[in-house]
Amino acid sequence: MPVVGVLALQGDFEAHAGALQRAGARAVEVRKAEELEGIDGLVIPGGESTSMLKLMDYYNLFEPLREFGLKKPVFGTCAGAILMAAEVLNPSQRSLDLLDLTVERNAYGRQLDSRVTELTGHALGGGPALEAVFIRAPIIRRVGDGGQVLASYQGDPVLVDFGQHLVATFHPELSADLRIHQRFLEKLGN
Amino acid sequence: MSNMYLDEGFRVKVGLAEMLKGGVIMDVTDAKQAEIAEKAGACAVMALERVPADIRKEGGVARMAAISKIREIMASTSIPVMAKVRIGHFAEARVLEALEVDYIDESEVLTPADEEHHIWKRDFKVPFVCGCRNLGEALRRIAEGAAMIRTKGEAGSGNIVEAVRHMRTIVKEMKQITVLGQEELVAESKRLQAPLELVEYVHKHGKLPVPNFSAGGIATPADAALARLLGAEAVFVGSGIFKSSDPEKRAKAIVKANTHYNDPKGVLEASEELGDAMPGLDVRQMDESQLLQTRGW
């Protein structure tokens, strides 16, 4: 059974751990650099990206996370996508720079603009529409080389596969559908 | 469960509470404090006019903060901004919804506007957090539409004892419900003065249908760790930060201890070189009329 770390500095890491377990993996919480050893992949959950960045700095996790991402698969949702992108807007902030992606924070607006919607026409092997829960979500403004857009909403990419890595601007961990977590698990060990 | 708890609007409200889990929500009174909070790693800020310790000291009627203050705080930070309204004051809540704050706290820290009714929160699109001292109170607030619960503690006291009492109470009451038989739940619902369907939810899952945070009296990194170890999924810190001798250091220390709450060495490291905590109050020596936690039901 693959072992997937879930970055547990802040955010909805428990929801991800539950989804990973239902999808057939073992999930472990990661708060320190040494906890990155022995895991096959990592999930960076939803939450506040500024809060997670601070906690990475407090515990010297920034470089170890970046090094991990250069070698093994990482799946980021919402704040996780912001932290993995090469470029962050609104405001500009540091990131792990794992993906050639430009992401704008809180791009739909405030909480009143959060929403649940159905994504049809996705490229996730056919099947029914994907439910997408957007919470103070970012918008992907640019997808660089190597990114395959799997789903879009209002013309903007919301689920992008980079081969080794996967990012979503919404929260598949808050829906019952496991297809996106399963897609990530398929990347492990390749 | 009726449809309300599964409907998209409610799931979006609970969704933001899910994102705040494992974090620290800090009371701030201006843009400068909001920047300190964000820089320390707060996951959200609570905009208010005076921190609870000052409300306690100065007395008078405590109301929703001035709109200019809340706007200033919203403009100064990229993290979610919450603001407080008086219990039952749905017109204040409508104003905050129009202002587009991210969460409303219907709070006992402000002077109640209605001693009989809380706000009917289901009519709002903006999510609400409400305080509680026990399970019945939590379930009544959820029935009204609260998408996040926080135990009340005793705000502005710098004393963790009431926060501990309330968290222990609600966790114990939830555990007890899980071992009851189905036929006992109606009587339990009557005892708790809470809707049966919510009692059934707790019976089945052993937890609330919304996130459960802790507030009221957290003043040190170890206080935050204690709240988390007792079952809180995140913490609110009010006077504890900006009434201490070095707010920047203390804010950072509480954020660190809150993430590593289950690692004694992590809490130890967070507790070093802190300066003085806010002065505390012995709740047992306080007059009943000075207690904030008894506001609301």
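This is a predicted model: local features need pLDDT of at least 70, side-chain atom pairs count only at pLDDT 80 or more; totals for chains, interfaces and linings use all residues.
## Cysteines

Side-chain values use heavy atoms, with hydrogens and water left out.

A:Cys78 is in no disulfide, and the nearest cysteine sulfur, that of B:Cys43, lies 13 Å away; A:Cys78 is buried, with a relative accessible area of 5%, where buried means under 20% relative accessible area with a 1.4 Å probe and protein chains only. B:Cys130 is likewise in no disulfide, with the sulfur of B:Cys132 as the nearest, 9.5 Å away, and B:Cys130 is buried at a relative accessible area of 1%.

## Extent of the interface

The contact (heavy atoms within 4.5 Å) takes 39 residues from chain B and 35 residues from chain A. About 3000 Å² is buried between the two chains, and carbon and sulfur atoms give 56% of that area; buried area is the accessible area (1.4 Å probe) that two parts lose on being put together, summed over both. On the side of chain B, the residues that lose the most area to chain A are B:Arg11, B:Val12 and B:Met19, together 22% of what that side buries.

## Salt bridges

Across the interface of chain B and chain A the rule finds four salt bridges, each a side-chain nitrogen of Lys or Arg within 4 Å of a carboxyl oxygen of Asp or Glu. A:Arg136 forms a salt bridge with B:Asp102, and their closest N and O atoms are 3.0 Å apart.

How values were computed:
Residues are numbered from 1 along each chain as its sequence is written. Chains are lettered from A and ligands numbered from 1 in the order in which they are written. A disulfide is a pair of cysteine sulfur atoms within 2.5 Å. Buried means under 20% relative accessible area, exposed over 50%, partly exposed in between (1.4 Å probe, protein chains only).
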